[in-house]
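Me: I am new to this structure and would like to go through it in short questions. Please show it to me.

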Amino acid sequence: NIFSSTTVFNIDNNQKCFLSSKSMDMSVLAELWRLIDLSEPRFCVAVIAIIFNPFFWNVVARWEHRTRGLTRLFGGPYVACYALAGLILLLNVYRSHSITVAMKAHPRWELLDNARVYYAGAALMALGSVFVISSFMALGVTGTFLGDYFGILMDQKVTGFPFNVMENPMYWGSTANYLGLALMNASPVGVILTAVVSLSYKVAIAYEG
């Protein structure tokens, strides 16, 4: 009858749409996998740099808190904290460099290579920079670079912008910068490395909190 014929027709169309969508998803994943080489040395170096940085500063800060080793070495907590800050900045510069090198070592993804994605990435970088810079201005050098582990405490808790918007705005801003850079370069590897950055920060926050 007419009702059963229509039903069969609709089911067949739905199945065709589902199979077509599934095939499209698989083709996108296959293309993405073809563009990414997880064993490529420059990618591995970038992953190591990303994981090492928060691990290093948390271990050193806790060691300083227990032993005051850096304070004795540099003759005072402020000099020691500034020295650690300088080293952390250098490590972060190397991390950014290694991520950039890893992205350039892999091909661009055509799916991301368009003006809309580029401008979205630029907007993310701008927003991330606002959070990073405003966080630094609110906390200062010692507040940003683990001064509390050196016994350098702020007079009161910082509650103004950007800390009234979110917790850990500097980590969020840094992650947004890397994601923006990845999108601007249409780099699937950059997106994966940004995910590693985000995960490493989540682990760091668990310890620092």
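Reply: Contact here means heavy atoms within 4.5 Å. The model is a predicted one.

Me: Leaving aside neighbours within four places in sequence, which residues is N92 in contact with?
Reply: N92 lies in helix α4. Neighbours within four places in sequence are left aside. The contacts of N92 are then N53, W57 and Y178.

Me: Is N92 buried or exposed?
Reply: Buried means under 20% relative accessible area. N92 has 18% relative accessibility, so N92 counts as buried.

Me: How do helix α4 and helix α6 run relative to each other, roughly parallel or roughly antiparallel?
Reply: Helix α4 covers residues 77-104 and helix α6 covers residues 169-184. They pack at an angle of about 25 degrees, with their axes 11 Å apart. Angles under 35 degrees count as roughly parallel. Therefore α4 is, relative to α6, roughly parallel.

Me: Which residues of α6 make the contact with α4?
Reply: α4 passes α6 in a right-handed crossing. On the α4 side the contact is made by N92, R95, S96, I99, T100 and M103. On the α6 side the residues are S174, Y178, L181 and A182.

Me: How many residues in the contact of α4 with α6 are nonpolar?
Reply: By class, the contact of α4 with α6 includes four polar residues and one charged residue. The number of nonpolar residues is five.

Me: How many salt bridges does a search of the whole structure find?
Reply: Side chains of opposite charge can pair when their charged atoms come close. A salt bridge needs the nitrogen and the oxygen within 4 Å. For the whole structure, the search finds three.

Me: What is the relative accessible area of E64?
Reply: E64 forms a salt bridge with R68, with the closest N and O atoms 3.8 Å apart. R68 counts as partly exposed because its relative accessibility is 27%. E64 is buried, and its relative accessible area is 0%.

Me: Which residue meets R108 in a salt bridge?
Reply: R108 is partly exposed, with a relative accessible area of 44%. The partner has its side chain in a salt bridge with that of R108, at 2.9 Å from N to O. That partner is D113.

Conventions: Residues are numbered from 1 along each chain as its sequence is written. This is a predicted model: local features need pLDDT of at least 70, side-chain atom pairs count only at pLDDT 80 or more; totals for chains, interfaces and linings use all residues. Side-chain values use heavy atoms; hydrogens and water are left out. Axes are lines fitted to C-alpha atoms, for helices over the stretch in contact, and angles run from 0 to 180 degrees between N-to-C directions. Helices (H or I, at least four residues) and strands (E, at least two) are DSSP runs, numbered from the N terminus. Angles under 35 degrees count as roughly parallel, over 145 as roughly antiparallel, 65 to 115 as roughly perpendicular and the rest as oblique. A crossing is left-handed if the near helix is turned anticlockwise from the far one by less than a right angle, and right-handed if clockwise. Ala, Val, Leu, Ile, Met, Phe, Trp, Tyr, Cys and Pro count as nonpolar, Asp, Glu, Lys and Arg as charged, and the others, Gly among them, as polar. Buried means under 20% relative accessible area, exposed over 50%, partly exposed in between (1.4 Å probe, protein chains only).
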